[in-house]
Each structure stands twice: as C-alpha cells, then as structure tokens.
Amino acid sequence: MTTTYDYLIIGSGIAGLYAAILAREHGSVLVLTKGSIDDCNTRWAQGGIAASVGPGDSPEKHLRDTIEAGAGLVDEEAARVLTSEASDRIGDLVSLGVPFDTVHGEVALATEGAHSTPRILHAGGDSTGAHIELTLASVARLEGITVLEHTIATEIVTDGDRATAIRALDTASGERTTYACRALILATGGAGQMYQTTTNAEVATGDGIAIAYRVGAEIMDMEFVQFHPTALHLPGVQPFLISEAVRGEGGLLLDTNGERFMAAYDERAELAPRDIVARAIRERMLATGSDHVLLDVTHLDPGLVTARFPQIFRFCADSGINITRQPLPIAPAAHYTMGGARTNTWGETNVAGLYAAGECACTGVHGANRLASNSLLETVVFARRVIQRTIDAPDGRAEPAPNAGSLRPVPSDAPGASDIPPLTREALQSLMWREAGIVRDGESLARAASVLAAWQSTLAAPTDRPSQELADLLTCSRLVTEAALSREESRGAHYRSDFPEPREDWHRHLVFRRNDVA
Ligand SMILES: Cc1cc2nc3c(=O)[nH]c(=O)nc-3n(C[C@H](O)[C@H](O)[C@H](O)COP(=O)(O)OP(=O)(O)OC[C@H]3O[C@@H](n4cnc5c(N)ncnc54)[C@H](O)[C@@H]3O)c2cc1C
C-alpha cells in the first residue's frame with residue numbers, strides 16, 4: 001500500500017530543509033534529493049543573506065534597493081513580504097543554530113553591490129552557505145526527518161487538476177517509485193547548468209522548473225539569467241565564485257593592462273549592479289583580446305582579506321594564487337535563475353497541491369535582476385509561507401496569469417539531425433553560452449531556438465539521472481531562449497544588442513504554460 005505523506009519536499013538545499021523542519025511540526029515529511037544531502041547551490045553561497053537589521057536601516061530601504069535592482073519588474077507586494085519578514089527569518093536561523101559572524105557582540109554586516117547600506121549577514125566569513133546547509137542538515141537529522149538521497153524526481157502526478165504524487169528514480173538501484181502526498185513542495189534550485197561557464201553546482205539542472213512546466217504549472221521570467229561578474233578564471237579549474245563582498249570591501253577591477261575601467265561604465269564603479277559589471281568586463285575582455293580581467297585586493301590589509309574571505313583565500317591558494325599579493329584572473333559566469341515556477345506570495349503555483357520555494361520558484365521579488373544576497377532570504381521567507389498556507393488554506397492555488405503562452409511546437413523546418421551536433425550536456429551548454437548568454441540578439445537567439453527545437457524533436461525518454469537532467473536542461477533552455485527572443489528590449493540581466501534600451505511596452509512578465517507541445 002502506498003503511504004501518503006503530508007509533505008513531500010523535493011530538494012535538500014536551504015529551501016527544502018528549512019521547509020522540512022517547519023513542516024515536521026504539522027505532519028509526516030519525506031524529502032527526496034537527487035545527490036547527497038549537501039549537493040546543492042546553498043552550500044556554495046558565500047556573501048551572505050540580506051536583512052535590514054543594522055542601525056539606520058529599515059525594511060522600507062531594503063525594499064527600495066530591491067525594486068531599484070529589479071529594473072521595473074519586481075512584484076512590489078512580494079518584495080514587501082520579503083523585506084518585512086527578513087529579520088524574523090534571520091531570528092529563526094539563529095535559533096536553529098546558524099552561527100552568523102559578530103563584531104564586539106553585534107552581528108557583523110557587510111556591504112554588497114546595489115545595497116544602499118551594510119545589511120549582509122554572513123557566517124564563517126565567506127562560508128555562509130556551508131554553515132547554513134550544515135546547520136539545517138543537522139537539525140533535520142535530529143528531528144528524525146527522512147531524507148532519501150540519490151533519488152531524482154522525474155514527473156509530477158496529478159489527479160484531476162491537483163498534484164498528488166511524484167514519480168522518482170532511485171539512481172543506485174534503478175527502481176522507480178511513486179510517492180503520494182497532500183502537499184508537494186518543489187525546492188529543486190536553479191538551472192545554471194544550462195551554461196558552459198557557471199558558478200552553479202552540478203545538480204542545478206532546472207529539474208523542478210521543467211517537471212512543473214510539463215504538468216501545466218506556469219513558468220515566468222526565464223529570460224532573466226543573472227551572470228555573476230567575478231568567477232575565478234584559471235585553465236582546468238572549475239569557475240569558483242569570487243563574492244561580490246570582495247568588491248564591497250574595496251576590491252578593484254583592472255584590465256589585463258592594469259587599468260581600472262568600471263568608472264567609465266557606471267558612477268558606482270565596482271559596486272554597480274551585476275549585469276552592468278558583467279557586461280563591462282565582457283566588453284573589456286573583447287577590447288583587450290583577453291579571456292579574463294583582474295580583481296585586485298593587494299592594497300587591502302592582508303589580515304582583513306584572510307579573515308573576511310577564508311574560503312576564497314584557501315581556494316585561490318590551492319590554485320597557486322596568493323590573493324593578498326597578486327591580482328586574481330576572473331571572468332563572468334552564469335549564476336542565478338531569476339525565472340521559475342510562478343507563485344503567489346504564499347508559494348502556491350497555479351496547480352493545486354503544488355508549491356515552489358527557493359531558486360526554482362519565481363515569486364517576482366527579483367524582477368529582471370536579483371539584488372545580491374536576496375536569494376537566500378527569499379528561500380526562507382517563502383518556504384515558511386508555504387508551510388503556513390498548507391495549514392490555513394490547503395486547497396488554494398495561484399490565480400492563473402492572464403496572458404500565458406506556451407513553447408512553440410517544434411517547427412517542421414528545424415535543422416535535420418545531420419546539421420546539428422548530437423545533444424549532450426556540453427553541446428547544450430556551449431550553444432546557450434554562445435547564443436543566449438550575457439549579450440544576445442535576435443539572430444543568435446533564433447539560431448539557438450532552432451537547434452534546441454531540433455534536439456527536442458529527437459529526444460528519447462530519459463532512463464537515468466544524466467538523461468533526465470539533460471531533458472530538463474533542454475526544456476529550461478527552450479524557455480529561456482523563447483522568452484529572450486520574444487522580449488525585444490534590454491532590461492536588467494536580459495541584454496539584447498539589437499534592442500539595447502528598455503521599452504515601456506515591455507514593462508510586463510512573460511509567462512509560459514504548457515498546452516500540448518514539448
Ligand atoms: C557559488 C554561489 C554563491 C552564492 N552566494 C549567494 C549569497 O552569498 N547570497 C545569496 O543570497 N545567494 C547566493 N547564491 C544563490 C543561493 O545560494 C541560491 O539561490 C540558494 O542557495 C538556492 O537554494 P535552494 O534551496 O532553492 O536550491 P539549492 O540549494 O540549489 O538546492 C536544490 C536541491 O534540489 C535537489 N534537486 C534538484 N533537482 C532534483 C530532482 N529532480 N529530484 C530530487 N532532488 C533534486 C538538489 O540536489 C539540491 O539538493 C549563490 C549561489 C552560488 C552558486
């Protein structure tokens with residue numbers, strides 16, 4: 001007989017584990033996760049988590065910065081929820097045991113790009129995510145929450161128009177099982193693995209977004225992919241994030257001729273929003289014919305650098321660079337998926353029984369460009385609201401978006417199999433980086449859309465974790481590309497060289513809902 005869990009939570013990053021810990025007080029909980037418990041983006045988060053807890057700061061100021069960064073597309077109601085519930089959620093994390101750094105007994109607050117005041121809490125210097133993940137995993141274990149590792153969710157099951165179960169594959173035994181539930185919470189993270197160069201963990205393949213799309217959930221804002229300006233760029237070394245906080249502490253960007261260049265692009269110089277810095281770096285790399293620029297902290301107190309950024313210092317030292325003595329080579333990398341399963345402020349999708357929290361969700365708080373350190377905050381604020389909603393109004397769902405479109409059917413004139421490379425994760429990542437990356441245009445996006453459609457037309461049913469992830473990356477890439485092709489303007493993280501300015505008629509979201517294609 002199938003057990004029906006009160007809560008089935010997919011993913012064991014901050015959103016999944018925090019939701020599980022709260023849900024435990026209200027019913028039976030099962031967490032499925034496709035790798036080990038700590039295989040997630042959360043454990044790599046460095047800079048910290050934003051909250052207006054410092055002197056002179058307020059939720060209203062935090063809200064203003066969030067709206068300003070989001071380039072006209074932030075949902076004000078959702079962002080107000082985010083910023084006004086921030087300090088309570090920080091209190092919860094402290095109660096669970098997250099050891100935020102302090103100075104003289106007061107919480108230490110850092111500055112990051114586009115925040116008007118210091119408001120970033122961090123732990124272990126630049127190891128915030130690792131501390132959060134370790135703490136939540138320990139609490140989950142102590143609470144006796146079952147976490148099934150190496151189990152990948154592959155399909156949402158519906159009864160009528162309600163999500164009632166998930167099909168999953170045990171990647172060790174190859175066995176497929178259906179798990180029934182009253183509330184299904186997707187906490188599967190982002191889709192950074194669509195791109196060749198990314199700071200994201202291997203598991204960030206957009207599975208939750210893709211399986212939600214296939215079951216009729218609305219997917220919003222996929223054209224907005226945030227590229228982080230500063231990832232370590234060394235041959236043979238995986239791009240490793242060099243936190244925004246390094247520039248917040250005074251780190252300078254130099255081109256390979258040793259010249260500072262950011263002031264020519266924005267009066268905030270190194271502390272300009274990420275999209276501006278990422279495009280400036282890309283342009284400077286092209287101008288100097290180099291595949292990187294330099295991030296320099298050699299003028300800062302070495303004691304401060306090693307104390308504040310121990311993880312970055314260690315990683316670079318292991319790669320042969322002493323950052324207190326030499327500038328480090330960096331280049332932009334895909335970093336954050338602003339889009340995802342569209343939810344209301346209670347984490348409900350338009351499918352009853354299906355909730356989304358964390359990076360796989362699109363609550364609207366980031367608009368077209370996420371304000372640094374708002375994403376960890378979003379996970380806990382909205383995960384908590386999901387659990388609250390399952391108690392107060394378990395049969396609710398988000399109002400459908402008025403103008404949802406669906407992915408176009410695969411065109412009959414899509415290039416034949418002989419004209420395109422075989423579909424592999426690497427081929428997809430390289431296509432997306434080249435044609436739908438930091439700077440796009442109509443022609444490059446049309447080329448990408450046509451290759452992706454051809455791949456879709458020949459895709460076999462997934463049989464294991466790699467083929468499932470590839471199918472999910474393909475769905476997410478098609479959503480990104482089609483949305484980016486439709487949006488004939490530049491806004492936030494979406495930059496089209498053929499439409500370099502924002503346009504008033506594009507002051508709206510793009511939402512995709514499946515009809516019968518893809
Ligand atoms: C290098 C780096 C640094 C960052 N620094 C910061 C920062 O300083 N501040 C900040 O606010 N944000 C930061 N971010 C972003 C932030 O870390 C993430 O947005 C956040 O951790 C996402 O949490 P999550 O729980 O939604 O997803 P994740 O932590 O990615 O967890 C997703 C989970 O879902 C599981 N999963 C996925 N698909 C399936 C499936 N099909 N079946 C079963 N399980 C599945 C994964 O294995 C994983 O356990 C950073 C991101 C990166 C990559």
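Here are a few questions and answers on helix packing and ligand contacts in this predicted model.

Reader: Okay, and is the crossing of α2 and α3 left-handed or right-handed?
Author: On the α2 side, the residues meeting α3 include Pro 59, Leu 63 and Ile 67. Among their partners in α3 are Ala 79 and Thr 83. As for the hand, α2 passes α3 in a crossing that is right-handed.

Reader: What about α3 and α11, which residues of α3 make that contact?
Author: The axes of α3 and helix α11 (residues 374-392) sit 9 Å apart at about 95°, so the pair is roughly perpendicular. From α11, the contact takes in Asn 374, Leu 377, Glu 378, Val 381, Phe 382 and Arg 385. By class it has 6 nonpolar, 1 polar and 2 charged residues. The α3 side is made by Ala 78, Val 81 and Leu 82.

Reader: Now the ligand: how far is a polar side-chain atom of Ser 375 from a nitrogen atom of the ligand?
Author: There are 39 residues around the ligand, and Ser 375 is one of those that come nearest, along with Thr 42, Gly 47, Gly 48 and Glu 359. Gly 47 uses a backbone N or O atom, 2.8 Å from a ligand oxygen, while Arg 370 has a side-chain N or O atom 3.3 Å from a ligand nitrogen. For the side chain of Ser 375, the distance to a ligand nitrogen is 2.7 Å.

Conventions:
Residues are numbered from 1 along each chain as its sequence is written. This is a predicted model: local features need pLDDT of at least 70, side-chain atom pairs count only at pLDDT 80 or more; totals for chains, interfaces and linings use all residues. Side-chain values use heavy atoms; hydrogens and water are left out. A crossing is left-handed if the near helix is turned anticlockwise from the far one by less than a right angle, and right-handed if clockwise. Helices (H or I, at least four residues) and strands (E, at least two) are DSSP runs, numbered from the N terminus. Contact means heavy atoms within 4.5 Å. A residue is near a molecule or strand if one of its heavy atoms lies within 4 Å of it. A polar contact is a pair of N or O atoms within 3.5 Å; within protein, one must be able to donate a hydrogen and the other to accept it, and residues adjacent in sequence count only if both atoms are side-chain atoms. Axes are lines fitted to C-alpha atoms, for helices over the stretch in contact, and angles run from 0 to 180 degrees between N-to-C directions. Angles under 35 degrees count as roughly parallel, over 145 as roughly antiparallel, 65 to 115 as roughly perpendicular and the rest as oblique. Ala, Val, Leu, Ile, Met, Phe, Trp, Tyr, Cys and Pro count as nonpolar, Asp, Glu, Lys and Arg as charged, and the others, Gly among them, as polar.
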